[in-house]
Amino acid sequence: MLELRNIKKYYNQGTVNELCLFDNFNLSIPDHQFVSVVGSNGSGKTSMLNLVCGSIAADGGQILVNGKDITGKKEFERHQSIGRVFQDPAKGTCPSMTILENMSIADHKGNCYGLRRGKNKGKAGQYQELLRSLNLGLEDKLEVKAGSLSGGQRQALALLMATMSPIEFLILDEHTAALDPKTAELVMELTGRIVKEKQVTTIMVTHNLRYAVEYGNRLLMMHQGAAVMDCAGEEKARLQAEDIFQAFHEISMGYGN
């Protein structure tokens, strides 16, 4: 269970440009839930992810995992149990390292290396099988540097790497936004398969309303730092992309946008 309790977050605090994005924001996400998050720019979607991951600090409130307060934990400490895939495919892999080296590092996330080599050639066969599941031909390119791959290939690899070691949460920050439509479909299919197989609690921010409808068992719509729409279970299953668009339009008009 992930809980955000009475979260406060200010930007430019103490200046004429001060903005209170979150004011006593509360959210609970049960284990194994797949939450799709939509909303306009500046609604708080990515800020919420950054608060969970520790990329930014809350100015008030608590963040709890299974009842344990992690509000004061550093970002690197939280990432022992969090896998994150960013919008920019370049952020999920090390471009100067080979696919084998990237996967070896991801496979040993949280472990001590000591004086051992980071690259584990003994697991090359296992890594090839994982890559084969992507259907991108990467299983025969273990010695190719990640920086030479296409954006779609790097994003698929980043998603695979983010879930190689045991994690409690998978955070997806518009992870298909920079991809062409065909590759985005492939990455989303891979996303659905990985989340289902690993039963990992997932939060996915997306601007694609169809993906928000088709994937996940809960949908949140954010607006001005608040969850103005929250559908789960059968209610979520009945949603259509047109319903979300209409709700988004009505909410925007109601706030004078």
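**Close-up 1. Ile99, Leu100, Met103, Ser104 and Asp107 of helix α3 meet Tyr127, Leu130 and Leu131 of helix α4.** Sorted by type, the residues of this α3–α4 contact come out as 6 nonpolar, 1 polar and 1 charged. Keep in mind that everything shown here comes from a predicted model. Helix α3 covers residues 99–107 and helix α4 covers residues 124–132; they pack at an angle of about 100°, and their axes are 11 Å apart. Angles of 65 to 115 degrees count as roughly perpendicular, so that is the label for α3 and α4.

**Close-up 2. Helix α5 packs with helix α6 at an angle of about 10°.** Here we're looking at residues 151–162 (α5) and residues 181–198 (α6), with 10 Å between the two axes. An angle under 35 degrees counts as roughly parallel, so α5 and α6 get that description. On the α5 side, the contact is made by Gly152, Ala156 and Leu159. Their partners in α6 are Thr183, Val187, Leu190, Thr191 and Ile194. Tally up the residues of this contact and you get 5 nonpolar, 3 polar and no charged.

**Close-up 3. Phe22 and Phe25 form a tilted aromatic pair, one of 2 aromatic pairs that turn up in a search of the whole structure.** The ring centres of Phe22 and Phe25 are 4.9 Å apart, with 35° between the planes. How buried are these two? Phe22 has 0% relative accessibility and Phe25 has 6%.

**Close-up 4. Tyr211 and Tyr215 make an edge-to-face aromatic pair.**

**Close-up 5. Lys9 puts its charged end over the ring of Tyr11.** What to look for in this view is the Lys9 side chain, whose charged end sits 5.4 Å from the centre of the Tyr11 ring.

Methods: Residues are numbered from 1 along each chain as its sequence is written. This is a predicted model: local features need pLDDT of at least 70, side-chain atom pairs count only at pLDDT 80 or more; totals for chains, interfaces and linings use all residues. Side-chain values use heavy atoms; hydrogens and water are left out. Axes are lines fitted to C-alpha atoms, for helices over the stretch in contact, and angles run from 0 to 180 degrees between N-to-C directions. Helices (H or I, at least four residues) and strands (E, at least two) are DSSP runs, numbered from the N terminus. Angles under 35 degrees count as roughly parallel, over 145 as roughly antiparallel, 65 to 115 as roughly perpendicular and the rest as oblique. Contact means heavy atoms within 4.5 Å. Ala, Val, Leu, Ile, Met, Phe, Trp, Tyr, Cys and Pro count as nonpolar, Asp, Glu, Lys and Arg as charged, and the others, Gly among them, as polar. Rings of Phe, Tyr and Trp (its six-membered ring) pair if their centres lie within 6.5 Å; planes under 30 degrees apart count as stacked, over 60 as edge-to-face and the rest as tilted. Buried means under 20% relative accessible area, exposed over 50%, partly exposed in between (1.4 Å probe, protein chains only). A charge sits over a ring if NZ of Lys or CZ of Arg is within 6 Å of the ring centre and within 35 degrees of the ring normal.
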